[in-house]
Amino acid sequence: MGEVIATMGDQQPTDRRTIAQKLGYLIETLHPKGRGPYSYQEIAELIRQRAGDGDPTVSHGTIHNIAIGKVTNPGVDSLRALGDFFGVGARYFLDDEAAAAVDARIRNIREETERADAGDELADVLEDKDVRAVAFRLRGLSANALRGIKSIVEGARQAEGLPKVEGNKPRRHGRSQ
């Protein structure tokens with residue numbers, strides 16, 4: 001289910017969670033890039049569409065009841081269907097150590113995805129020769145001068161109706177200035 005791990009939300013898991021909390025975390029966290037979480041109905045329909053002969057399925061009502069904690073001890077087939085859909089297996093819902101390992105992997109994938117996205121964004125920006133020319137000319141300027149230029153650029157972006165850029169400080173990767 002590679003496409004489900006394309007993007008993740010900001011919710012972080014905690015220790016000792018109920019099946020409902022674990023399912024809620026998966027729903028909020030694992031969904032295609034560029035869209036929000038799947039609805040219970042979408043999950044049930046996609047499970048049905050992908051199920052082979054003899055593979056378990058689950059109704060959207062059952063998913064809803066598990067997610068809200070109304071059903072606290074769902075059947076193995078429901079957990080298998082949900083686990084398979086999210087690519088985590090049924091054990092995720094039953095074994096806290098397995099869930100913690102999966103959650104750690106989800107966080108790692110999320111961080112890798114964010115780094116890759118940032119790299120792609122930087123590559124896209126640097127394709128513009130004028131942007132590259134300005135960037136190269138910034139090297140060696142003092143922190144005070146860079147703050148002033150940043151303020152000018154932010155003002156120009158605002159004047160042109162462009163969105164604010166929420167940039168993180170770049171990682172240094174051991175290089176010296």
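**Entry 1: Tyr-40 and its neighbours**

I started by looking up what Tyr-40 touches, taking contact as heavy atoms within 4.5 Å. Leaving aside residues up to four places away in sequence, I found Ile-27, His-60, Ile-63, His-64 and Ala-67. A note to myself: this is a predicted model, in which local features need pLDDT of at least 70 and side-chain atom pairs count only at pLDDT 80 or more, while totals for chains, interfaces and linings use all residues. Residues are numbered from 1 along each chain as its sequence is written, and side-chain values use heavy atoms, with hydrogens and water left out.

Tyr-40 belongs to helix H2, residues 40-50. For helices I use DSSP runs (H or I, at least four residues), numbered from the N terminus.

Is Tyr-40 buried or partly exposed? Its relative accessible area is 27%, so I logged Tyr-40 as partly exposed. The scale I keep is buried under 20% relative accessible area, exposed over 50% and partly exposed in between, with a 1.4 Å probe and protein chains only.

**Entry 2: helix H1**

Next I turned to H1, residues 19-29, and found the helix mostly covered, with eight of its eleven residues buried.

**Entry 3: aromatic pairs**

For rings of Phe, Tyr and Trp (its six-membered ring), I pair centres within 6.5 Å; planes under 30 degrees apart are stacked, over 60 edge-to-face and the rest tilted. By this rule I have three aromatic pairs. Tyr-38 and Phe-85 are edge-to-face, because their planes stand at 70°, with centres 5.3 Å apart. This pair links distant parts of the chain, 47 residues apart: Tyr-38 is in the loop between H1 and H2, Phe-85 in H4. Phe-85 also pairs edge-to-face with Phe-86, at 4.8 Å centre to centre and 85° between the planes.

Tyr-38, Phe-85 and Phe-86 make one aromatic cluster. I read Tyr-38 as buried at 7% relative accessibility, Phe-85 as buried at 3% and Phe-86 as buried at 1%.

Terms used. Helix = DSSP H or I, 4+ residues; strand = E, 2+ residues; numbered from the N terminus.
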